[in-house]
Amino acid sequence: MRLADVILDNVEPILNQWEAFAQDIWPGGHTVDAPMLRDHAADILHATAHDMRAAQTDLQRADKSKGNVRSDRTSDRVDAASDDHGIGRAKSGFHQMAMVSEYRALRASVVQLWRDSKPDPDLLDLDDLTRFHESIDQSLTEAIRSYSDSVHRARDGTTFTVRLPRAHAT
């Protein structure tokens, strides 16, 4: 079974692990309800799995890992979910490094779940894992960008979004 299928078939177990981890690192030791903890995590997982299935060139995939994503439908889905997640975490008082920890936990949960499914690895599995990591890198990059923009807007008292241009490979 391909990794994207494992993700889509196991969103709830992955979210349970995400939720447990996020509860432990929530700022100020507050107890937070599951919908707040999970906010856009399911969207990130679904968008990541669809992104993994999409046709991409080696250059597009390399750009993803660097955060230099050219707009396309599947990448836009990852960016939208990640953007919402980053803004939500900034508004909740999350520290930026806690959000990075969330992504590490998400990455580890997915890989562990896949390993536990006892796949019979082949070259496509290496490609699946690489695509998963590239998509999660893209998601984290966008979430951090959105988080930073949200914090700057709140600090400056502005109501508009200042987006830094993304570098594109030429």
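Contact, in these legends, means heavy atoms within 4.5 Å. The model is predicted, so that local features need pLDDT of at least 70 and side-chain atom pairs count only at pLDDT 80 or more, while totals for chains, interfaces and linings use all residues. Residues are numbered from 1 along each chain as its sequence is written, and side-chain values use heavy atoms, with hydrogens and water left out.

**View 1. Packing of helix α4 against helix α8.** Helices are DSSP runs (H or I, at least four residues) numbered from the N terminus. Helix α4 (residues 41–53) packs against helix α8 (residues 123–156) at an angle of about 130°, and their axes are 9 Å apart. This angle makes α4 oblique to α8, a term for angles that are not under 35 degrees (roughly parallel), over 145 (roughly antiparallel) or 65 to 115 (roughly perpendicular).

**View 2. Residues where α4 meets α8.** From α4, Ile44, Thr48, Asp51, Met52 and Arg53 meet Asp128, Arg131, Phe132, Ser135, Ile136, Gln138 and Ser139 of α8. The residues of this contact comprise four nonpolar, four polar and four charged.

**View 3. Glu142 in helix α8.** Glu142, which lies in helix α8, counts as buried because its relative accessibility is 3%, where buried means under 20% relative accessible area (1.4 Å probe, protein chains only). The side chain of Glu142 makes a polar contact with the side chain of Arg145 at 3.1 Å; such a contact is a pair of N or O atoms within 3.5 Å, of which one must be able to donate a hydrogen and the other to accept it.

View 4. Arg61 is found in helix α5 (residues 58–66) and is buried, with a relative accessible area of 12%. Leaving aside residues up to four places away in sequence, Arg61 touches Gln56, Asp127, Thr130, Arg131 and Glu134. Arg61 and Arg131 are 70 residues apart in sequence, yet 7.4 Å apart in space, C-alpha to C-alpha.

Key:
Axes are lines fitted to C-alpha atoms, for helices over the stretch in contact, and angles run from 0 to 180 degrees between N-to-C directions. Helices (H or I, at least four residues) and strands (E, at least two) are DSSP runs, numbered from the N terminus. Ala, Val, Leu, Ile, Met, Phe, Trp, Tyr, Cys and Pro count as nonpolar, Asp, Glu, Lys and Arg as charged, and the others, Gly among them, as polar. Buried means under 20% relative accessible area, exposed over 50%, partly exposed in between (1.4 Å probe, protein chains only).
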